[in-house]
Amino acid sequence: MANRYFLACLVAVIIAGTVLYIMDQMELNLAKSEILSGYTLLGLIVFLGAFNVRKKLSMLPLLKASTWLVFHVVGGLLCIFLFWVHTASIWPDGNYEIALSIIFYLVFFSGIGGFFIQKSNAIKLTETGIEVIYERIPAELSEIRERSEAIVLECTKTTSSDTVANHYIATLAWYFKRPRFYWPTLLGHGNAKTWLRNNQASVTRYLNEEETGYFNQLIELAELKKLIDEHYTLQDINKKWLLVHLPLSVGLLIISFWHVLLVEVFAI
Amino acid sequence: MVEISVKQNTLTRPQRWDSPFDSDMTKADVKKLLAIEEIAAIKADRFPARISLEGILQNDTRIVAFKKGELVVREGDYGNSAFLILKGSLRIVLSPSLPGAILGRSKEHKRGFFDAVSQLWTSNWLPETRDPDRYGPTKTGAAKNAASTRIILQDIPAILDKHSTATINQGALFGELAALGRIPRTATVLADEDSELLEIRWQGLRELRAYDEGWRRMIDERYRQTALIAHLNEVPEFNHLNDEEIQLVADQCLFETYGSFDWHTSFKKLQNRSEANEPVIARQGDYPDGLLMVRAGFAREAVNHGTGKRTVTYLGAGDNFGMFELHNAWVNTNDSNLALGTTLTAVGYVDVIRVPASVLAEFVFPNIDAPVNMAEQSVGKSQSNDTLMQWAVDERFINGRQTMIMDLNKCVRCDDCVSACAAAHDGNPRFRRHGKTIDHWLVANACMHCADPVCMIGCPTGAIHRSLSGGTVIINDDTCIGCGTCANSCPYQNISLVQISDAKGNGLVDDQTHRPIMKATKCDLCSDQIGGPACVRACAHDALQRVDFKEFTS
């Protein structure tokens, strides 16, 4: 992978250097150098968009997707450099250009952000120690909920005490209902852990030995659910960032082509 | 009152022998075969009524004629049938092997570029759709693939000059080891003169061996006579010996089998898969009495560590055990520490050839350099380095040749691999991104294309088979009857049964019982796709690999 990044960076530097050199020559000949940077930029944007097409054509030997990703990331960085060269500023004038720039930056930052989020989340997901398929999470949570309710019912029946049941209705039922602590998990806070510990501590003193046995089973399930919640949050964000990046990329492509069309029409 | 009509697509449930080995086999052919000495000796009354001897001969065999020089089997091919010579004689090329170019190895069918692209619009958007017309009794057999795929060697005298060969004559059986042992053909065989052979596909051979004592004995004896000599010729330590010496060595070799041939049935039930349950082949601290050559299956090499045993490596077909210690004992006769440094246990099932120390002293040690102490090298690794190896052996993942392993620290759980697999296979992925994990590794539920593909045991039609080159285990959808034997046999739950439907998505059902028609599906390594496994190419993070654990853990 490192070798491919080196190769992609080398290619990017050669392209950037070549474009800058030719633009310089064009300036000397009083030609419009923005044409070159603009079309290079457009070509690069199309190339970056082709990565998604490659994913759909998985049956064809069009290089490995990992190679495409390397060139996609480095190409994205080259893109922003060429954008600055093309506009000769980081924030161009004109309403249309500003709109184009906003979309451009959104695509760029969502791409870079998504790249690092995915890399980071992959390790966080592994650290949970369990593996859950995203689409299976509702079924897994439902199963945990059923098991927890069965434990509470059995506890009530066996011990003739409703302490655990009341505590469950007041606190844990909310927790088991659906994925919880989405944002704290995303931001790396330990709210779920603290919440569970507090709710455990608040009731343990009122339980006898038999009830404690049942309650510990509940806590085990709650701990498992906490891990599944983590999977839900991290996998969810891993998928959803693309819902920002992809539509914006399509928008950028359309608006860029419109920009080229306008430039060419007015050039006549 | 509203009348509800339910339209059902029906299909006659496929049966064993729906697709006979050769649909041109006649009753007269069967009668002729029953008169042949080797078959006449079979006690037909020992066979159950549903698998009669006549039925086997009619459906699981075919008579094939070969012209002088024609190749019958090629070394390295995965074949699913054995041959009985009815007429003529054949020549086995022992050593050195014939070059691939002479053998005319054919390439497997791959889609062309445009054919691959056309999947985008030709594939049905509904999963697992099939054309019902393709199923049912089919015309198969020798005539179908006759002259077009045969290769005739022109210059046989040159082959005889350059290669060591042996002749086998009328009445001899060969190819049974590859057919039953699920291993590649060990030698190339060609017709020495115009010959007629009875080709028996492995299902039929399995039944003959199971129900007839004479054939069982013959198959076992053939193993010693042909396979062992061929094997010894391949082993570097023995390949300098001449035919006479090889025969002497072969005569003194002992065959040993540890564990169960059907190891997968007990493996699925066992909770404790540690080495404690494995049959011991050689014990650490004991004195070695012979070289152990693994012929088939796997063995675990472990050292005593604390109160348990630490797995340091595993041995597969072609690996040896004890060479260093035996050589050391031969060189240093006065050394007090000549005992084995590791314990060898059978993982599931292992076929071992024991070559006595006296044979090695006479034929091998004077001609070789001091062997490397492989065990010492392995023991030298850290304990944590062995964790993955230990786990792979315990879970039998070592059986895999193309195990799908994912680095979870790289995997972003995007499921691009699953989508790519579905795109290449009738809209339904052939694996699940789910499985057993250790550390940051996940072995996904994808066919591992095992060295010992136990899924092939018991397939009544031979639908699940090895591809002719490369050893990829694939399922012939046309002959699969959806019985689920392979799925039940697979110890790793890597084969799924799916209900098939017509192009409109209506599920196909049996016309008699109205039960759904099922087909077994699994990863085929995208064997018909031009780019190879789509899952590997689709992973944008290089998290997914197809590996052989031996290489992966080394």
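In chain B, 15 residues of domain 2 are in contact with 15 residues of domain 3 (contact here puts the C-beta atoms, placed from the backbone, within 7 Å). This is a predicted model, where local features need pLDDT of at least 70 and side-chain atom pairs count only at pLDDT 80 or more, while totals for chains, interfaces and linings use all residues. Residues are numbered from 1 along each chain as its sequence is written, with chains lettered from A and ligands numbered from 1 in the order in which they are written.

On the domain 2 side, α12 (263-269), β12 (290-305), β15 (343-356) and α16 (385-394) of chain B each supply at least two residues. Helices (H or I, at least four residues) and strands (E, at least two) are DSSP runs, numbered from the N terminus. The most comes from α16(B), with four residues. By type, this side of domain 2 splits into nine nonpolar, four polar and two charged residues (Ala, Val, Leu, Ile, Met, Phe, Trp, Tyr, Cys and Pro are nonpolar, Asp, Glu, Lys and Arg charged, and the others, Gly among them, polar).

## Two helices in chain A

Over in chain A, helix α2 (residues 34-56) packs against helix α9 (residues 209-267) at an angle of about 150 degrees, their axes 11 Å apart (axes are lines fitted to C-alpha atoms, for helices over the stretch in contact, and angles run from 0 to 180 degrees between N-to-C directions). That makes α2(A) roughly antiparallel to α9(A), a label for angles over 145 degrees.

From α2(A), A:Leu42, A:Ile45, A:Gly49 and A:Asn52 meet residues of α9(A) including A:Leu246 and A:Val260. This contact of α2(A) with α9(A) has six nonpolar residues, four polar and no charged.

Conventions:
Contact = placed C-beta atoms within 7 Å. Parallel < 35°, antiparallel > 145°, perpendicular 65-115°, else oblique.
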